[in-house]
Amino acid sequence: MGLKNLQLKFKAIRLLAGDSKSKKRQSRTTQKPPWMVPVSHGYHVIEDRSFCNGGFEEEDSDSVVVQREQIEDTEVWFFGVSDSRIGHGITKYLQSNFFDRKPKQSQMMRKSKEAMKKAYIGAKAKVRETEKGEEKEEEAWKVGSASAIVMNGEKLVLANMGEYRAVVCKDGVAHQIGKKHRRTAQLSWTRKLISGGFLMPKVGMLACNGIGGEDSQPPKSSAVLVATERIDSDTEFIILASTGIWEVMKNQEAVNLIRHIEDAQEAAECLAKEALTRVSRSNISCLVIHFDQITIS
């Protein structure tokens, strides 16, 4: 299936995609069909309003991507909010190295996580290559992205970098990827220092198996954070958003603001407009993914 890539520059346009009916997974390991957890989404983008450089420049806008693929019996969604300098590169890499290769269902979680890591690392490396001298590290830190891959409404791969952030609402509580890993990493570095060893990592990439607690604030860095999760009955929605959202509100504030809104598009617009009201000075881009849990009576 061809690429469905939306590069949004000035405003969000609601995408209506997906079949109204889904086929039941033919798997012996589970009896749960994909439509048990329907996925809906909405997004909104407000352009940079900074006039420090003489006005808004189109290339400074964010890129929002929504893509749906069917790989055998598995419905796969890819969602992303990225700095325009890396958005296309991430999407192109995932298309060539994950979607086009159509991995087997048993390998899909592992392959999607690996592809996401490499897509982010490759995109960040290209930013470093284009910058020179002292500006290199500064620009690499500024660049950011937040992405999610959703498989059959059951499994989830999340990634974020820079000041862009992926936040999951589980039973009303905001969770952000990375906190669990950072605690483990701190213990690991402590052990190395005590034992007299010292090892610098070659790549700024952190991989973790879960998401951290509410309002965990990562240090300012361009490290890539990747996490895998299983979507359960407590998983309500995901927020993928740019710096413009998170510089004016905390994770839990954002969740509380839109949790009562059932329509994902309306929720995204509400979040973006609230950031604008709070005088956010950065690009405001957000994408909300709803998991509409169905209760069987």
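Biologist: Leaving aside its neighbours within four places in sequence, which residues is D83 in contact with?

Modeller: Contact means that heavy atoms lie within 4.5 Å. Once neighbours within four places in sequence are left aside, D83 is in contact with D62, V143, G144 and Y164. This is a predicted model, in which local features need pLDDT of at least 70 and side-chain atom pairs count only at pLDDT 80 or more, while totals for chains, interfaces and linings use all residues. Residues are numbered from 1 along each chain as its sequence is written, and side-chain values use heavy atoms, leaving out hydrogens and water.

Biologist: Is D83 buried or exposed?

Modeller: Buried means under 20% relative accessible area, exposed means over 50%, and partly exposed lies in between (1.4 Å probe, protein chains only). D83 counts as buried because its relative accessibility is 11%.

Biologist: Where is D83 found among the strands?

Modeller: Helices (H or I, at least four residues) and strands (E, at least two) are DSSP runs, numbered from the N terminus. D83 is found in strand 3, residues 74-83. The chain comes to seven helices and twelve strands.

Biologist: Which residues touch the most other members of the largest nonpolar core?

Modeller: In soluble globular proteins, nonpolar side chains tend to be buried together. A nonpolar core is a set of buried Ala, Val, Leu, Ile, Met, Phe, Trp, Tyr and Cys residues joined through side-chain atoms within 4.5 Å. The largest one here has 26 residues, and F79, L240, L287 and I289 touch the most other members. Beyond its neighbours within four places in sequence, F79 is in contact with several residues, including V39, H41, V65, A146, L240, L287 and I289. Another core, of 24 residues, lies apart from the largest one; among its members are F99, A123, I149 and A159.

Biologist: What is the phi of E72, and what is that of D171?

Modeller: Most residues other than glycine have a negative phi. E72 has a positive phi near 55 degrees, and D171, not a glycine either, has a positive phi of about 55 degrees. E72 is found in the loop between strand 2 (62-71) and strand 3, and D171 lies in the loop between strand 6 (165-170) and strand 7 (173-177). E72 is exposed because its relative accessible area is 65%; D171 counts as exposed because its relative accessibility is 52%.

Biologist: How many of the residues in the chain are buried?

Modeller: Buried residues make up 49% of the 297 residues in the chain. As for contacts between residues at least 6 apart in sequence, 74% join residues at least 24 apart.
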